[in-house]
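Some terms used for structures rest on a simple cut-off. Look at the chains below and ask what each term stands on.

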Amino acid sequence: MYQYDELDQRLVDERVEQFRDQVARRLAGEITEDEFKPLRLMNGLYLQLHAYMLRIGIPYGMLSSVQLRKLAQITRKYDRGYGHFTTRQCLQLNWPKLSETPDILAELAEVQMHAIQTSGNSFRNVTADQYAGAATDEIEDSRIWAEIIRQWSTLHPEFSFLPRKFKIAVTGSPHDRAAVRFHDIGIVIHKAPDGEVGFEILVGGGLGRTPMIGQTIRAFLPKKHLLSYLEALLRIYNLMGRRDNKYKARIKILVFELGIEELQTLVEDEWNRNKDGPLALPQAEIDRITRQFSAPPWQTPASAPNQPVGAVHAFENPAFEDWERVNVAEHKQPGYAIVNLSLKALDRVPGDLTAAEMDAVADLADRFSFGEIRASHEQNLVFAHVRQDDLLPLWRSLGVLGLSTPNLNMISDIICCPGLDYCALASARSIPVAQRISMRFQDIKRQHNIGELRLKISGCVNACGHHHAGHIGILGVDRQGEEFYQITLGGNAGENASIGKIIGPAFASADVVDAVEAIVATYLAIREVGETFLEAYRRVGAAPFKQRLYPEPNHAVA
Amino acid sequence: MTLLVYTANRVSDGVVVFLAEDDGWLEIPRPSGVIRGADMEMRMKAVAEAAEEAAIVVSPYPIEVTDEGGEIRPVSLRERIRAYGPSIHPEFAKQWPIADKGY
Amino acid sequence: MPLLKDGKRVADPWVHVADEVAVPATGAVIVGLKRWRHERASLLKRGDPVGVRLKSMHTASDVADDLDHLGVVALALPVFTDGRAYTNARRLRERHGYRGEIRAIGNVLPDQYLFMLRCGFDAFEVRAGDTEKDWDKAVQAISVFYQPAADGRESALSLRHRTPGA
Ligand code: SF4
């Protein structure tokens with residue numbers, strides 16, 4: 001993985017000291033909260049319901065075991081011994097003291113981590129495919145490009161005060177695991193017919209109040225122009241994005257108002273003036289970064305015998321077989337597999353991991369996956385390079401930790417934002433709803449029978465829980481002080497992205513799990529052989545679900 | 001009559017605090033912080049604003065509470081969660097076992 | 001407003017003339033864009049230097065053809081979170097080759113000096129209490145720059161791939 005050079009390290013160290021000074025001025029009362037807020041937000045520090053919250057960036061979700069141990073130590077020393085993995089592949093601490101945040105950042109800098117721009121109206125943590133470098137369908141490793149973008153977008157002098165936050169995601173595989181179509185900019189690596197590798201650039205996707213799917217602004221961009229093109233696009237957005245209304249300030253609204261063709265003309269004009277300037281990427285830099293993402297020393301197929309996933313030890317243990325079928329994915333290297341660690345067991349808070357678990361996961365990563373761990377936007381963890389003949393011992397170890405629930409992409413693998421239990425912006429709680437749904441569907445056989453069903457919960461319209469992109473989406477709303485939940489159906493985050501549609505009036509908290517149950521029952525009743533929930537929904541539409549959820553009132557009496 | 005208490009987050013650690021008449025900012029709302037009468041309202045508001053000015057607390061505001069025999073309970077769910085802690089972590093509860101009282 | 005130039009508090013040779021106030025007979029003046037457009041001939045006839053103030057919704061191209069006549073382009077930040085001036089400054093320097101003074105006016109705060117400097121600003125109308133010490137601290141806080149910009153500071157990219165001896 002990427003190792004800081006002296007320049008990267010110096011920048012992060014200097015930024016820590018700069019923030020230390022800003023915090024000192026705040027604690028001394030030299031600056032007001034209004035003045036301090038934008039400064040702390042530029043360093044990922046929020047003030048939530050109970051305390052400050054520090055969002056630590058995990059660029060494209062990549063962690064080393066050393067970094068994960070450091071995170072464990074930080075949560076013990078400065079927090080309450082746990083952290084929360086987010087849908088931007090970040091880790092949130094829920095209880096840091098303001099006075100100690102500079103020390104936390106200094107400790108992070110020791111392991112080449114930071115919280116720069118994990119909040120504020122600028123570039124956010126760049127995300128990528130959690131299977132990068134291991135996926136069978138990958139054209140090129142998305143982390144290389146995410147790292148190049150991370151550097152360019154860090155403390156950008158021109159774009160630190162954009163109209164609104166800006167999220168970029170990269171996928172190197174046609175099968176999109178990074179939800180790139182729901183990003184301000186989504187980047188898809190393509191191979192042209194002549195063999196040249198470059199990028200398709202999508203713009204204007206996003207969730208929030210006004211969900212939109214990104215549109216292609218450039219079908220193919222040669223590699224060396226990536227940064228000059230992004231700079232041109234950001235420049236147009238910085239000048240033309242709306243600043244009169246925070247809810248209309250994201251680039252998706254500019255795309256909508258201008259139209260993609262008009263925006264394209266403006267960007268191309270800007271880009272043509274600058275594309276061969278100092279931002280044109282030298283091959284030497286592309287090579288330097290690429291080298292750092294070279295494959296780990298996989299063993300030869302002879303020493304790591306290739307067995308099709310599903311065939312290893314299956315006869316021994318049906319529980320292992322379930323896990324292997326559901327949580328393990330194919331690897332491009334014969335003899336290896338990709339393992340997903342579910343952070344969604346029955347009694348867990350989705351995405352939370354305790355300090356002890358972090359240490360244990362770091363140890364397992366050292367033993368089984370070359371000391372590296374990835375965080376996925378679905379709030380799970382991934383060991384990207386596991387020998388197939390290590391799967392059984394790994395599964396046993398994960399079982400001890402409670403991280404082997406075979407529920408990847410199943411109904412209990414819920415994406416869930418912190419909601420009203422933590423978040424100052426929330427309308428309703430989301431974690432308890434996720435827990436109640438997991439409880440209701442705890443029978444894993446039943447989950448497997450239901451099959452792939454992505455359920456996503458947000459505690460308010462800001463949609464951090466990606467509910468618009470859920471096959472079933474749940475949105476918390478506040479009805480005169482009562483928690484209600486609005487349900488959307490048919491959303492999807494991948495290459496066939498779609499936005500969920502509201503199925504009808506919201507449900508009271510006490511009824512929402514029954515409503516999910518009714519939706520699932522409807523699906524099971526109508527599905528054709530082999531049809532997933534999403535496929536069935538797309539075939540039949542909302543009507544049968546509506547009928548089941550909102551039976552016609554009996555008019556006969558009236 | 002609507003009962004009000006001033007609340008805020010402490011600057012140094014972000015912790016939720018409530019203003020009490022003689023004891024300043026405490027982590028648990030006290031009967032002495034419940035505003036009774038216009039005089040007290042002005043006094044507490046002034047104290048709260050001065051504390052914000054002095055960078056002791058962030059954005060103080062009054063919340064509605066009930067007084068159940070000396071036990072001061074915020075009325076809205078949001079404020080109850082602020083007062084007691086996250087509903088999913090009863091072990092962090094500041095006041096009483098959540099299981100007994102619920103949110 | 002005190003003026004900071006090259007990190008020093010200096011006497012401001014320029015006078016801001018508000019839109020509704022008459023232009024003085026002599027002395028260097030900074031006027032609004034509208035007045036510049038309407039009174040361009042008479043402003044140039046005065047013989048003393050002229051500068052133009054741009055609001056944040058204006059763009060560099062609004063004055064691109066006049067730059068030879070302008071000693072100052074003052075870019076307004078009505079609030080420091082309005083980042084349009086940064087792009088305008090870079091375009092003035094990099095696209096239009098402007099070498100005169102680019103001055104930051106409005107909500108200009110120390111924590112932003114370095115970003116502004118990098119985008120081509122070279123004069124700053126600061127708050128009364130902001131000192132040269134604040135300036136030094138702010139511009140020295142960060143010494144690594146990932147992006148090439150308008151100020152000639154060498155980017156990390158270029159430092160990493162310098163041709164030896166070049
Ligand atoms: S969706 Fe709303 S409640 Fe949930 S984390 Fe985002 S802002 Fe908070």
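The questions below concern a predicted model, its chain contacts and its ligand.

Q: Why is the pair E35(A) and R127(C) called a salt bridge?
A: The side chains of E35(A) and R127(C) come to 3.8 Å, N to O. A salt bridge requires a side-chain nitrogen of Lys or Arg within 4 Å of a carboxyl oxygen of Asp or Glu, so the pair qualifies.

Q: How many salt bridges are counted between chain C and chain A, and how many between chain A and chain B?
A: Between chain C and chain A the count is eleven. Across the interface of chain A and chain B the rule finds zero.

Q: What other polar pairing is found across the interface of chain C and chain A?
A: There are 22 residue pairs in polar contact, both residues at pLDDT 80 or more. Helix 2 (84–95), helix 3 (110–119) and helix 5 (156–160) of chain C each give two or more residues to the side that touches chain A. Helix 2 of chain C gives the most, with seven residues.

Q: How do you know that chain B and chain C are not in contact?
A: Contact means heavy atoms within 4.5 Å. No contact joins chain B and chain C, and their closest C-alpha atoms lie 19 Å apart.

Q: Which chains share the most contacts?
A: Two pairs of chains are in contact, and chains A and C share the most contacts. That contact takes 31 residues from chain C and 43 residues from chain A. Together chain C and chain A bury about 3,400 Å², 59% of it on carbon and sulfur atoms. F115(C), Y146(C) and R160(C) supply 20% of the area that chain C buries there, more than any other three residues.

Q: What makes up the contact of chain A with chain B?
A: Here 28 residues of chain A meet 21 residues of chain B. The two chains bury about 1,900 Å² between them, with 63% on carbon and sulfur atoms. In chain A, R26(A), L49(A) and H50(A) lose the most area to chain B, together 27% of what that side buries.

Technical notes
Residues numbered from 1 in each chain as written. Chains lettered and ligands numbered in written order. Predicted model: local features only at pLDDT ≥ 70, side-chain atom pairs only at ≥ 80, totals over all residues. Heavy atoms only, no water. Buried area = accessible area lost by both parts, 1.4 Å probe. Polar contact = N/O pair within 3.5 Å; in protein donor to acceptor, adjacent residues only side chain to side chain. Helix = DSSP H or I, 4+ residues; strand = E, 2+ residues; numbered from the N terminus.
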